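Me: I am new to this structure and would like to learn how to read it step by step. Could we begin with how the exposure of a residue is judged, and then go on to how helices meet?

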Amino acid sequence: MRIRKIQARDVDMAKAAEAFRTISEVASDLDVPKHVLRFWEAKFPQIRPMKRGGGRRYYRPEDMELLKGIRRLLHAEGYTIKGVQKILREQGVDQVKAFAHLAASEKTKGRAKSKADGAVAAAEAKLAVAAPQAKGADGRASRGVIAPVS
């Protein structure tokens, strides 16, 4: 009889919402590779995980919200990295975090609407008003546009 060592991924262990998470846990939660999270840290200085001995990263709940918002903007909404950087610079971290709540609320469609839905709708409206035209006069997409790519 062979005994197998139990891995953390084998056990469905739910952490408390306020618990810090390792890069592996965050990568699994967001469904992105670990190297993408490290790349995002370089591109978005607002992402600041705590680092312990040996450079091990621990992400706070605030970091998780920001990462979820960034992921949503990049992957679901079609923004570029420069576009998300511009949103962070001009409208702030809370604006991007609002998209994390949008992603969470879409997963729970059919359930009662939460207060976050109103904040997300306001955030989307603000982005729509603040976004410049996606195409220039010649019909080609201009650089640094924060509007989603169609």
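Reply: Let us start with the terms: a residue counts as buried when its relative accessible area is under 20%, as exposed when that area is over 50%, and as partly exposed in between. Please keep in mind that this is a predicted model. R71, which lies in helix α3, has a relative accessibility of 24% and therefore counts as partly exposed.

Me: Which residues is R71 in contact with, once its neighbours within four places in sequence are left aside?

Reply: With those neighbours left aside, R71 is in contact with L30, D31, V32, W40 and A76. A separate way to look at R71 is by distance along the chain and in space: R71 and A100 are 29 residues apart in sequence, while their C-alpha atoms are 8.3 Å apart.

Me: Is V26 buried or exposed, and where does V26 lie?

Reply: V26 lies in helix α1, and because its relative accessibility is 0%, V26 counts as buried. Leaving aside neighbours within four places in sequence, V26 is in contact with R21, L37, Y59, M64 and L67. The C-alpha atoms of V26 and D63 are 9.8 Å apart, although the two residues are 37 positions apart in sequence.

Me: How should I read the way two helices meet, and what is the angle between α1 and α3?

Reply: The idea is to look at the angle and the separation of the axes, and then at the residues in contact. The axes of α1 (residues 23-30) and α3 come within 11 Å and cross at roughly 40°. Angles from 65 to 115 degrees count as roughly perpendicular, those under 35 as roughly parallel and those over 145 as roughly antiparallel, with the rest called oblique, and α1 and α3 are therefore oblique to each other. Their crossing is right-handed. From α1 the contact is made by V26, D29 and L30, and from α3 by M64, L67, K68 and R71. Sorted by class, the contact of α1 with α3 has 4 nonpolar, no polar and 3 charged residues.

Me: What is the orientation of α1 relative to α2, and which residues meet there?

Reply: The axes of α1 and α2 (residues 34-43) come within 9 Å and cross at roughly 100°, and the two helices are therefore roughly perpendicular to each other. In α1, the residues I23, S24, V26, A27 and L30 meet K34, L37 and R38 of α2. By class, this contact of α1 with α2 has 5 nonpolar, 1 polar and 2 charged residues.

Me: What is there to notice about the phi of D31?

Reply: The general idea is that most residues other than glycine have a negative phi. D31 has a positive phi of about 60° although it is not a glycine. D31 is found in the loop between α1 and α2, and because its relative accessible area is 62%, D31 is exposed.

Me: How do α3 and α4 pack, and what is the class of the residues in their contact?

Reply: Helix α3 (residues 61-76) and helix α4 (residues 81-91) pack at an angle of about 135°, with their axes 10 Å apart, and they are therefore oblique to each other. In passing α4, helix α3 makes a right-handed crossing. The residues that meet are L66, I70, L73 and L74 in α3 and I81, V84, I87 and L88 in α4. By class, the contact of α3 with α4 has 8 nonpolar, no polar and no charged residues.

Me: To finish, is K97 buried or exposed, and which residues is K97 in contact with?

Reply: K97 is found in helix α5 (residues 93-107), and with a relative accessible area of 16% K97 is buried. Leaving aside neighbours within four places in sequence, K97 is in contact with E62, E65 and L66. K97 and L67 are 30 residues apart along the chain, and their C-alpha atoms are separated by 8.0 Å.

Technical notes: Residues are numbered from 1 along each chain as its sequence is written. This is a predicted model: local features need pLDDT of at least 70, side-chain atom pairs count only at pLDDT 80 or more; totals for chains, interfaces and linings use all residues. Side-chain values use heavy atoms; hydrogens and water are left out. Axes are lines fitted to C-alpha atoms, for helices over the stretch in contact, and angles run from 0 to 180 degrees between N-to-C directions. Helices (H or I, at least four residues) and strands (E, at least two) are DSSP runs, numbered from the N terminus. A crossing is left-handed if the near helix is turned anticlockwise from the far one by less than a right angle, and right-handed if clockwise. Contact means heavy atoms within 4.5 Å. Ala, Val, Leu, Ile, Met, Phe, Trp, Tyr, Cys and Pro count as nonpolar, Asp, Glu, Lys and Arg as charged, and the others, Gly among them, as polar. Buried means under 20% relative accessible area, exposed over 50%, partly exposed in between (1.4 Å probe, protein chains only).
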